[in-house]
Amino acid sequence: MTTPAIELSNLSKSYRSLWGKESVALSALNLEIQQGEVFGFVGPNGAGKSTTIKIIMGLLQASSGSAQLYGKDVRDADSRTGIAYVPESALLNDYLTPLDILESGCHFHNVKTDNLRTHCLKWLERYDIANVANKPLRSFSKGMTQRTALAHAMAIQPKLLILDEPLSGLDPLGRKLVLDILAEYRSQGGSIFFSSHVLYDVERLADRYGLIHKGKLRTVRSPAELLGDEATVLITSYGKNEVAGMQHQGLLRWQGEIKRSVLWATLEALEKAGHEIHEVRSTTTLEQAFLDLIKIDTQ
Ligand SMILES: Nc1ncnc2c1ncn2[C@@H]1O[C@H](COP(=O)(O)OP(=O)(O)OP(=O)(O)O)[C@@H](O)[C@H]1O
């Protein structure tokens, strides 16, 4: 068996206030992320996501338990070679330019390339910031800074990407751009561990999702497991003949919201009846499925 990309065993973290009061942020977390896996760490604000990521990145010390990257304890800085991290609010030196930042990142991670400048410019182009490659970051919007941080992460050709709320601060176009790049990285075998407090725009990205709530990992599921048989699908078609489950909407248009378990049977029936299928869209969101689970868990 290959070594997991991330292995957390009984990981706990408590913070102590100035008055000595302890609050538990993470409680005995056990989790394995395999190489090549995309894992979404999802939970509401204050659930413990950033605390977990900061421990993995060596920025915080766990109170107990252990965290390993590719079999190496995270307290050993070498464990993070070839691992890219983008924090929620990227703290980049704002006197530097995107090109400076990418080039120094590549030097630090020992990236081998024929022409470093061309390599870095390629990544700035992918993130649509090549036109400001030589401008200092202090003039940038939050979205542009976030894009620089993401371009820096990809330019080091990481074996694992760790992203804390990767889409926060980005407009819809920026979000789509980042999701497309992450999907491409994933299709080339890259591993991703990302956190998010909302699911709707990352729900197609991960192989598995872990739900963290009040410092405890409540459940780890694949999107299919999470949606189960309760998932519904909305079908829109055009045709003359009636088909079970479909409601006539005037002229040739039909629409039906059906259980996912009867999707294929319905599509076959529509084809047989000579309908042209216009759209098939999931109407049950992962977000709702998770919210339902928390309700069940806390009852
Ligand atoms: N430096 C700190 N000192 C004391 N308590 C802290 C500190 N950092 C985080 N906490 C507390 O630990 C808990 C977990 O916080 P954490 O930032 O890990 O949550 P999160 O899931 O990342 O939330 P968000 O989505 O808002 O970033 C929260 O109750 C938070 O208030």
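Residues are numbered from 1 along each chain as its sequence is written. Because the model is predicted, local features need pLDDT of at least 70 and side-chain atom pairs count only at pLDDT 80 or more, while totals for chains, interfaces and linings use all residues.

The protein has eight helices and 14 strands; helices (H or I, at least four residues) and strands (E, at least two) are DSSP runs numbered from the N terminus. Its C-alpha trace spans about 65 × 50 × 40 Å along the principal axes. An automatic or database domain assignment divides the protein into domain 1 (6-225) and domain 2 (232-283). The centres of domain 1 and domain 2, taken over C-alpha atoms, are separated by 41 Å.

Of the 299 residues in the protein, 35% are buried. A residue is buried if 20 or more other C-beta atoms, placed from the backbone, lie within 10 Å of its own. In soluble globular proteins, nonpolar side chains tend to be buried together. A nonpolar core is a set of buried Ala, Val, Leu, Ile, Met, Phe, Trp, Tyr and Cys residues joined through C-beta atoms within 7 Å. The largest such core holds 66 residues, and Leu-102, Ala-151, Ile-162 and Phe-193 touch the most other members. Helix H4 gives the most to this core, with seven residues. Leaving aside neighbours within four places in sequence, Phe-193 is in contact (C-beta atoms, placed from the backbone, within 7 Å) with Ile-6, Ile-33, Phe-39, Phe-41, Leu-160 and Ile-162.

Helix H3 (residues 116-126) has Cys-120, Trp-123 and Leu-124 as its buried residues. These residues lie on the same side of H3 because they cover an arc of only 100° around the axis, the arc being that of the directions from the helix axis to the C-beta atoms. An α-helix has 3.6 residues a turn, so residues three or four places apart point the same way. The cover over the buried residues of H3 includes helix H2 (98-108) and helix H4 (142-155). Just after H3, Asp-128 takes a positive phi of about 65°.

The ligand is surrounded by a shell of residues, among them Tyr-15, Asn-45, Lys-49 and His-197, each with its C-beta atom, placed from the backbone, within 6 Å of the ligand. Strand E2 (22-33) and helix H1 (49-56) are the elements that give two or more residues to this shell. H1 supplies the largest share, three residues.

Methods:
Buried ≥ 20, exposed ≤ 12 C-beta atoms within 10 Å, placed from the backbone. Contact = placed C-beta atoms within 7 Å.
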